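I opened this one to see how its pieces pack. These are my notes, in the order I looked things up.

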Amino acid sequence: MFLHVNCFKWGDLYSADDVNRLRAMFLRHLTLPHTFHCITDDAEGLRPDILVHPLPRYDFCDWDIGNGRKLFLFSDDFLGLNGALVVQTDIDMVLIGNVDFLADRPEEDFLIARGRNQSGNTRGHAAILRHRIGTRTHLWDRLVENPATAVATCQHHRGQPGHISEQRWLDRNLAVMPFFEDGRIVYFRQDCNAYAEHDNPKGKATPPEGARIVSFAGKTNPQHVMNGSYQNCRHAPFVATHWRE
């Protein structure tokens, strides 16, 4: 079994060091043979064992589509990998244990983390998913054909005008959405005892038993809670243990 792992990096929200940490975590926790890819507008500082691809120009659209660019994963022959299984992950994930489960159920062409957003308006959590390249190409083709529709129906709630929520787009364009095994991928804010009651930062944020990946979806990033509490979130010592090269 061979996997490809891909992330996107553009702009200045995440650094090369952040991508390098992610790559190192996969080296420690994914025992299966794999290639790590990064699609980026700035490859400076990335580790040599990362296969770098230039961020494509989206000539079909007159404005920045934001997170919608991650839907490029569903284009035909993405990175020349038709038929291959690709795990696409956001950069702000902390791997805390073996993640070979990402290769489970290879007969499934698509798997995604179950949604845990507070609004409950999407079924899946697109911060990490697995896709067999060359299937479900309608997810990209429909966006290219009419990006205005994607904006009108799937605007990112925190993005700039024109920014598309790839998570909402997937929810609205996939009738069936199979999920990874529950309990393996968890949210920091909802699942790790992260919130300090009454602004009291006592206690530590700790992932639940059985968790393998912690998603820092939202405005709190791993570095914020690595060495102490942050705003209304508790100190998370597990970050310093795992979020490193």
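**Helix against helix**

I began where two helices touch: A150, T153 and C154 in α3 meet R168, W169 and R172 in α4. By contact I mean heavy atoms within 4.5 Å. Helices here are DSSP runs of H or I with at least four residues, strands are E runs of at least two, and both are numbered from the N terminus.

Before going further, I noted that this is a predicted model, where local features need pLDDT of at least 70 and side-chain atom pairs count only at pLDDT 80 or more, while totals for chains, interfaces and linings use all residues. Residues are numbered from 1 along each chain as its sequence is written, and side-chain values use heavy atoms, with hydrogens and water left out.

What angle do α3 and α4 make when they pack? I get about 100° between α3 (residues 147-154) and α4 (residues 166-173), with the axes 10 Å apart. The axes are lines fitted to C-alpha atoms, for helices over the stretch in contact, and angles run from 0 to 180 degrees between N-to-C directions. So α3 and α4 are roughly perpendicular to each other; the label covers 65 to 115 degrees, with under 35 counting as roughly parallel, over 145 as roughly antiparallel and the rest as oblique.

Next I checked how covered β4 (residues 85-89) is, and five of its five residues are buried. Buried means under 20% relative accessible area, exposed over 50%, and partly exposed in between (1.4 Å probe, protein chains only). Both faces of β4 are covered, with L85, V87 and T89 on one side and V86 and Q88 on the other. β7 (residues 124-132) is mostly covered as well, with eight of its nine residues buried.

For pairing I used the rule that DSSP must find at least two bridges between two strands. β4 and β7 run antiparallel over five bridges; L85 has R132 as its partner, and V86 faces H131. β6 (residues 110-114) joins β7 through five antiparallel bridges, with L111 opposite R130.

**F8 and the cysteines**

F8 sits in β1 (residues 3-9). Is F8 buried or exposed? F8 is at 7% relative accessibility, so I logged it as buried. Skipping neighbours within four places in sequence, I listed what F8 contacts: I39, L55, Y58, R69, K70, F72, Q88 and I91. I also took a C-alpha to C-alpha distance from F8 to R21, which are 13 residues apart in sequence, and got 14 Å.

How many disulfides does the structure hold? I counted zero, using a cut-off of cysteine sulfur atoms within 2.5 Å. The sulfur of C7 has its closest cysteine sulfur in C38, at 3.8 Å, which is too far for a bond. C192 is in no disulfide either, and the nearest cysteine sulfur, that of C233, is 10 Å away. C7 comes out buried at 0% relative accessibility, and C192 is buried at 0% too.

The largest one has 47 residues, and F26, L102, F188, I213 and F238 touch the most other members. α1 (residues 16-29) gives the most to this core, with five residues. A second, separate core has 30 residues, including F74, L139, V151 and I164.

β5 and β9 (residues 213-215) run antiparallel and share three bridges, and V94 stands opposite V214.

Conventions. Core = buried A, V, L, I, M, F, W, Y, C linked by side-chain atoms within 4.5 Å.
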